[in-house]
Amino acid sequence: MKQELNQKQLKIINKNHNYQFYQAQNQIVKKQNTKLVSSLEQAIINVGLKDGMTISFHHHFRHGDSTVEQVLKVIDKLGIKDLKITASSLTKAHNCLIDYIKSGVVTGLESSAFRGKLGDAISEGILKQPVVIRSHGGRARAIANGETKIDVAFLAATSSDDMGNATGIFGKSICGAFGYAMVDAEYAKNVIVITDNIVAYPNKKTSINQTKVDYVVEVASIGDNTKISSGEVHEEFTLKEKMIAENIVKVITNTEHFKNGFSFQTGTGGASQASLLMLKKAMIEKQIKAGFFLGGITKGHVELLETGFVEKLLDVQSFDLDAAKSLEVNPNHIEISADFYANPLNKGCATNKLNYGILSALEIDRNFNVNVLTGADGYLRGASGGHSDVAFGSDISIVAVPLIRGRIPSVTNEIQTIVTPGKSIDVIVTENDICINPLRKDLIKQLTDAGIKLTTIEQLVEKAYKIVGKPSLIQYDTNRPIAIVEYRDGTIIDLIYQVKPFTL
């Protein structure tokens with residue numbers, strides 16, 4: 001029996017606190033011992049999704065994702081319209097969005113990339129308002145600081161228990177690291193976990209825990225994990241890619257950070273991936289071991305971990321099934337969130353610890369500004385990804401690019417779209433040349449002292465133009481913006497406009 005408190009004591013206690021005294025017959029919190037519901041439709045009804053709200057998806061299944069289409073089919077059936085989608089990335093698996101845009105179910109998009117037919121449709125003005133393109137770090141920042149408010153996050157998990165302890169590491173369709181989904185789960189108002197593999201409570205290892213989840217839904221399939229690595233990741237390389245990779249390694253091994261404990265991130269470009277294999281040979285020759293590799297992790301990274309050439313892998317997204325499987329068995333293969341990875345406004349992101357960042361590009365201009373979004377036709381083709389995040393954070397950022405592609409120069413006077421500003425790009429490497437940003441006098445000295453011949457950016461542009469000629473600039477309709485390109489800190493770095501129709 002509790003001691004009775006007089007009115008004077010109550011006034012003192014409640015002066016700064018609004019207490020409620022326990023009453024057995026009036027418990028505030030309802031007991032919940034399962035979050036599993038019978039269908040996706042029921043979960044959507046339960047969270048109260050309405051017209052005009054914002055929903056989110058992650059892209060850890062990449063080209064094999066089937067969750068987005070399943071969710072939108074149910075939303076369409078329920079008659080919900082005018083939704084904004086914020087996705088960590090959109091691939092060719094998401095061409096279904098075109099139909100939902102046309103029907104008014106989807107009216108706004110935010111993502112790191114818009115590829116395939118969806119990219120074409122956006123480039124041709126299918127949406128009334130411009131899409132917003134952010135880097136992976138920029139998206140994490142926007143969600144964490146409330147700029148992007150997610151009403152409902154739909155998170156495909158390869159295993160989950162009935163309370164929502166979920167992961168991408170275990171199950172019949174594993175996808176690996178859950179870095180982008182972690183951010184959505186942390187900040188979304190409502191979270192629905194969608195899985196094709198319900199396990200007994202508690203799930204043995206979780207990327208998302210039950211305290212963040214509202215409902216769990218079991219479906220037949222969440223995606224085809226064999227398509228995670230399709231397109232961007234490969235093990236065989238062209239002669240040109242190998243030549244570029246050799247120059248990447250030449251830069252790395254002749255600069256001051258190449259010593260025991262160095263850190264490194266590669267992109268998805270062929271030359272970047274080839275450089276990882278060549279770097280191993282240099283590490284063996286000089287008896288050097290890396291401290292950590294960061295970012296999207298592949299089989300090549302895992303092999304270096306297992307053979308002792310790198311101490312840890314920090315994985316925000318597994319780029320193939322070998323990497324996904326490694327997360328379960330290798331304690332030094334560590335899953336990280338996109339916020340940990342690259343949010344520029346948190347208290348310290350992992351990209352700031354990088355010594356070397358290897359990046360790809362569609363084109364680069366005389367000021368070292370980089371375009372990774374729009375192709376030679378002005379249409380959306382590539383992805384912002386972690387490009388600007390890695391470029392800013394790395395001690396030495398290296399852009400690996402062929403001098404020309406077909407009849408198109410990769411190094412040119414003026415690029416179509418600025419994604420990464422030139423001041424954060426240190427080195428350009430082509431199949432035959434190495435070019436250092438004039439701002440990096442220290443690198444120029446280090447490589448010159450090592451006997452490496454350097455080329456200026458002006459010489460690279462002239463060399464490219466001699467081979468294919470000076471390109472004509474695309475004509476854009478400046479009254480029709482189709483995309484806003486944000487820099488990682490949230491400032492607008494460029495606008496992408498609809499291409500004017502070609503006329504003879």
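This is a predicted model: local features need pLDDT of at least 70, side-chain atom pairs count only at pLDDT 80 or more; totals for chains, interfaces and linings use all residues.
## Helix 15

Helix 15 spans residues 457–468, 12 residues in total. From first C-alpha to last it reaches 17 Å, close to the 16 Å expected at 1.5 Å a residue. The residue that follows helix 15 is Gly469, with a positive phi near 85°.

The buried residues of this helix are Ile457, Leu460, Val461, Ala464, Tyr465 and Val468. Viewed down the axis of helix 15, they fall within an arc of 130°, so they line one face of the helix. The cover over these buried residues includes strand 16 (363–365), strand 19 (404–405) and strand 20 (408–409). It also includes strand 21 (411–412), strand 22 (427–429) and strand 23 (434–436).

## Sheet 17-16-21

Strands 16 and 21, both part of the cover of helix 15, also belong to an open sheet of three strands. The strand order is 17-16-21 and the pairing is mixed. Strand 17 (370–371) and strand 21 are the edge strands, each pairing on one side only.

The pairing of strand 16 with strand 21 is parallel and runs over two bridges. Asp365 stands opposite Thr412 of strand 21.

## Helices 6 and 7

Helix 6 (residues 136–144) packs against helix 7 (residues 179–187) at an angle of about 10°, and their axes are 10 Å apart. Because angles under 35 degrees count as roughly parallel, helix 6 is described as roughly parallel to helix 7.

On the helix 6 side, the contact is made by His136, Arg139, Ala140, Ile143 and Ala144. Helix 7 contributes Tyr180, Val183, Asp184 and Tyr187.

Methods. Residues are numbered from 1 along each chain as its sequence is written. Side-chain values use heavy atoms; hydrogens and water are left out. Helices (H or I, at least four residues) and strands (E, at least two) are DSSP runs, numbered from the N terminus. The expected span of a helix is 1.5 Å times one less than its number of residues. Buried means under 20% relative accessible area, exposed over 50%, partly exposed in between (1.4 Å probe, protein chains only). The arc is that of the directions from the helix axis to the C-beta atoms. Contact means heavy atoms within 4.5 Å. Two strands pair if DSSP finds at least two bridges between them. Axes are lines fitted to C-alpha atoms, for helices over the stretch in contact, and angles run from 0 to 180 degrees between N-to-C directions. Angles under 35 degrees count as roughly parallel, over 145 as roughly antiparallel, 65 to 115 as roughly perpendicular and the rest as oblique.
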